[in-house]
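Hi,

Here is the structure I promised to pass on.

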Amino acid sequence: MKEISEEILDIIIRDIHDIISMEEKVTLDSWKEESEKNKELYNEYLKINKNLGDIRPEYNVNLEAALLKVKTTRSISFTKYLKYAAAIVLPLAMGVILFLLTRQPLIEKKVHRNFAEVSSPGSQKAQLVLASGKTINLEEISKSNLKELDGTEINLKEGNSVVYDSKISKSKKVVFNELRIPRGGEYQLVLSDGTKVWLNSESELRYPISFKNKTREVYLVGEAFFDVSHDKTKPFIVHSGEMNVEVLGTRFNVRNYPEDNAVATLVQGKVKVLGEREAQCILNPGQQARLSKKGIVTFDVDTDLYTSWIEGKFLFKNVDMYSLSQQISRWYNVEIFFVNDYAKNVRFTGSINKDKPLQYLIELIESTSDVRFSVKGKSIVIEKK
């Protein structure tokens, strides 16, 4: 009786689990074309695999692990294997079910695809830290007005934004507040000079509630978009790590998360960007400055790619999967891991409204990219298809 070698058997197993290489695929196809008998053996294997899987739909039998227990250094008689498998599948079906339930090393869960269990779209939420140290969860309150230590009024708009009015403030003391945005959140802020600020997920902004000095200076961790109120007598300066952005009146975005280099993108007006060791540059609309080990590097960019988030959209153009995962991880508040470097470097182009479930975005990515998403515990794993 014709025997099947361990090499071919291994390749068939890898083919069933969709992890076969191109070289192995060529070897398998050549082996099947050698004879009709080989094709029959291959088809019998597929039937056995299907029957074993059908016994308990929510589990897949890990045939590779099972075969490792019966392999020897010599080739295996595939006919004997078929008889062995048939004996399990047909007359002892119930016994196999018990076997599947108790022999965990030989089974594996089907790929978990319920992404709604581990993620949900972000929303308007933030914490406001007052000068006294008191913290207010803004998503838990309705419209309200507060007064700070210097008399500045804080208008808390329901689920929307924080607005400062310092007209009645008579104090010369500079008082700071801080707005903290958690993962899965974003919020808007109107400073006392009328400057509008949009804060992205996992970001913090520390700012004077009333600008009393010759400059208007704020301190950012994370990402924010600024629409700065024009005042030629008081430059507006954003401090973000090693990057400082100085303006008079303009619209720009600053992103500086721990895992990235600081980036400033100019939409309107003109800004000066300063880095370490006196490095600096002037940006015109449509330009971006990025800090690097060599100093400040500038690029011409499509600003929509870096500011669409304030309009409620994700907009990606030839972005690598690792960079994309950082954005969706923060917005959907879910940890994302990669099986290998290949998946990190896969590129994607597309757009989606941020209020859509994560499942929608994943299906879009998978339909156009060579990656696959799955749920592991409370995290998401990305791997090559």
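Which residue in E26 is the bridge partner of Arg372? That would be Glu383. Before the rest, some housekeeping: this is a predicted model, where local features need pLDDT of at least 70 and side-chain atom pairs count only at pLDDT 80 or more, while totals for chains, interfaces and linings use all residues. Residues are numbered from 1 along each chain as its sequence is written, and side-chain values use heavy atoms, with hydrogens and water left out.

The overall picture: the protein chain has 10 helices and 26 strands (DSSP runs numbered from the N terminus, H or I of at least four residues for helices, E of at least two for strands). Of its 385 residues, 43% count as buried, meaning under 20% relative accessible area with a 1.4 Å probe, protein chains only. Among contacts (heavy atoms within 4.5 Å) between residues at least 6 apart in sequence, 51% join residues at least 24 apart.

Strands E25 (residues 371-376) and E26 (residues 379-384) run antiparallel and are joined by six bridges; two strands pair if DSSP finds at least two bridges between them. Lys376 has Ser379 in E26 as its bridge partner. Two residues sit between the strands, and Gly377 in the turn has a positive phi of about 65°.

Axes are lines fitted to C-alpha atoms, for helices over the stretch in contact, and angles run from 0 to 180 degrees between N-to-C directions.

The axes of H1 (residues 6-16) and H2 (residues 22-34) come within 10 Å and cross at roughly 115°, so the two helices are roughly perpendicular (65 to 115 degrees). On the H1 side, the residues in contact include Ile8, Ile11 and Ile12, and on the H2 side they include Leu28 and Trp31. The contact residues divide into five nonpolar, one polar and five charged.

Cheers

Notes:
Parallel < 35°, antiparallel > 145°, perpendicular 65-115°, else oblique. Nonpolar A, V, L, I, M, F, W, Y, C, P; charged D, E, K, R; others polar. Buried < 20%, exposed > 50% of the residue type's maximum accessible area, 1.4 Å probe, protein only.
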